[in-house]
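Subject: Structure handover

Hello,

Here is the structure we talked about. Please open it first, then read the notes below.

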Amino acid sequence: MTIIVFGSINIDLAAKTPRLPQPGETIIGSNFFTAGGGKGANQAVAASRLGTSTHIIGRVGNDKFAEELLTDLQLYGVNTDNVLIDQNTHSGVAIIAVDDSGQNNIIVIPGANNNVGEADIERLKKLLPSATSLLLQLEIPLEVVQKAAKAARQAGVRVILDPAPAMADLPIELYPLIDIITPNEVEAGQLVGFRVHDRETAIVAAKQLQERGVKNVIVKLGDRGAVGVTADDSFFVPAFAVEAIDTVAAGDAFNGGLASALDAGLSLSEAVRWGAAAGALCTTKVGAQVAMCDRATFDNFLHNRVIG
């Protein structure tokens, strides 16, 4: 069986700075690099690096970045047979600033990701019979996300949605198609219309999302852990203590770890623990895909580290 990631593929243009600039301010950075990114591609790499068979469906542009992006995904073990090279536009680009504390801000120019559509849905349908989970995000057109979720639901495949970038107006018809939704606290607040900042407010938000039709809700609270709410229970998974230097793709690593654990037959609470570990390890390196850990490192971390 395999995981399918249906989503964005970007080239990241990243700058390291002592602090994030204020509006209208110019500051001097300390480092610059390019790397593969995009929430879809990041999640695919995270799952593949943990040893899970992973396919990605998406688009890159007609530019010099396309070959680099596809080659990198393949080197990480991701199957890219269903990535289309769009001749009419450029690849997606993310411009990222990361400060010395590991915080970041990001500007995304979607490019080819905006053209993901019906042809990509048809390629997805052909892969679904062999899939355990479909991972979705919101860096491709929303109507296409909804169609992908519907196709997966009809095929009996688990749908995991990372509702990022954050938005307040997800279609109400999308929620019943989602098996697991994984917002961070900011995204959860955007979805429900009030501030989510601790376990208690995360549970309240999760229950509101369940009322809209989502089966299971995982609210990521960063270095304060994660809250899970199912139809029958709620649980809390503390964060792993690490020295974070870059939080850029921690949420993507979390979803890759979560899906890999579920693919291996583990419970949802154990899968959240896998996600927390993968996310924590990702923050200890600079970058997105390059920061995703391999399975041996991951297993050693889980075996030797305590949580809390």
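How do the residues of the lining of the largest cavity divide into nonpolar, polar and charged? Seven are nonpolar, one is polar and two are charged. Keep in mind that this is a predicted model.

**The cavity**

A search of the whole structure finds one cavity of 30 Å³ or more. The largest cavity holds about 50 Å³ of space. Its lining is made up of Asp12, Ala14, Phe33, Ala35, Ile96, Val98, Asp246, Val248, Gly287 and Ala288. Three strands each give at least two residues to that lining: β2 (10-16), β3 (31-37) and β6 (92-98).

The largest pocket has about 1300 Å³ of space. It is lined by 50 residues, and the closest to its centre are Asn184, Thr247, Val248, Ala250 and Gly251. By class, the lining has 24 nonpolar, 16 polar and 10 charged residues. Strands β2, β6 and β7 (104-109) are among the elements that each supply at least two lining residues. So are the helices α1 (39-49), α5 (185-192), α7 and α8 (268-282).

**Helix α7**

Helix α7 covers residues 250-263, which is 14 residues. From first C-alpha to last it reaches 20 Å, close to the 20 Å expected at 1.5 Å a residue. Is α7 largely enclosed or largely open? It is largely enclosed by the rest of the structure, because 12 of its 14 residues are buried. The buried residues include Ala250, Asp252, Phe254, Asn255 and Leu258. Just after α7 comes glycine 265, with a positive phi of about 90°. Most residues other than glycine have a negative phi.

**The sheet**

Look next at the open sheet of nine strands. Their order is β5-β4-β1-β8-β9-β10-β11-β12-β13, and the pairing is mixed. The edge strands are β5 (79-86) and β13 (234-237), and each pairs on one side only. Inside the order, β11 (residues 216-220) pairs with β12 (residues 226-229). That pairing is antiparallel and runs over four bridges. Valine 217 stands opposite valine 229 of β12.

**Salt bridges**

The count comes to 15 salt bridges.

- Glutamate 118 and lysine 147 meet through their side chains at 2.3 Å, N to O. The pair links distant parts of the chain, 29 residues apart: glutamate 118 is in helix α3 (residues 118-127) and lysine 147 is in helix α4 (residues 142-155). Glutamate 118 is partly exposed, at 44% relative accessible area. Lysine 147 is partly exposed too, at 40%.
- Lysine 125 and glutamate 122 form a salt bridge at 3.5 Å, N to O. They are three residues apart in helix α3, so about one helical turn separates them. Lysine 125 is partly exposed at 42% relative accessibility. Glutamate 122 is partly exposed at 39%.
- Aspartate 179 and lysine 215 form a salt bridge at 3.4 Å, N to O. Aspartate 179 lies in the loop between β9 (158-161) and β10 (180-181), and lysine 215 lies in the loop between α6 (199-211) and β11, so the pair ties together parts that are 36 residues apart in sequence. Aspartate 179 is buried, with a relative accessible area of 10%. Lysine 215 is partly exposed, at 44%.

Which residues are linked in a network of salt bridges? They are Lys39, Asp162, Lys220 and Asp252. Asp252 is among the buried residues of α7.

Most peptide bonds are trans. Proline 165 lies in the loop between β9 and β10. Aspartate 179 lies in that loop as well.

Best wishes

Conventions: Residues numbered from 1 in each chain as written. Predicted model: local features only at pLDDT ≥ 70, side-chain atom pairs only at ≥ 80, totals over all residues. Heavy atoms only, no water. 1 Å grid on protein atoms, 1.4 Å probe; cavity = no way out; pocket = protein on both sides within 12 Å on 5 of 7 lines; lining within 4 Å. Points joined across faces, edges and corners; volume = space filled by probe spheres on them. Nonpolar A, V, L, I, M, F, W, Y, C, P; charged D, E, K, R; others polar. Expected span 1.5 Å × (residues − 1). Buried < 20%, exposed > 50% of the residue type's maximum accessible area, 1.4 Å probe, protein only. Pairing = 2+ DSSP bridges. Salt bridge = Lys/Arg side-chain N within 4 Å of Asp/Glu carboxyl O.
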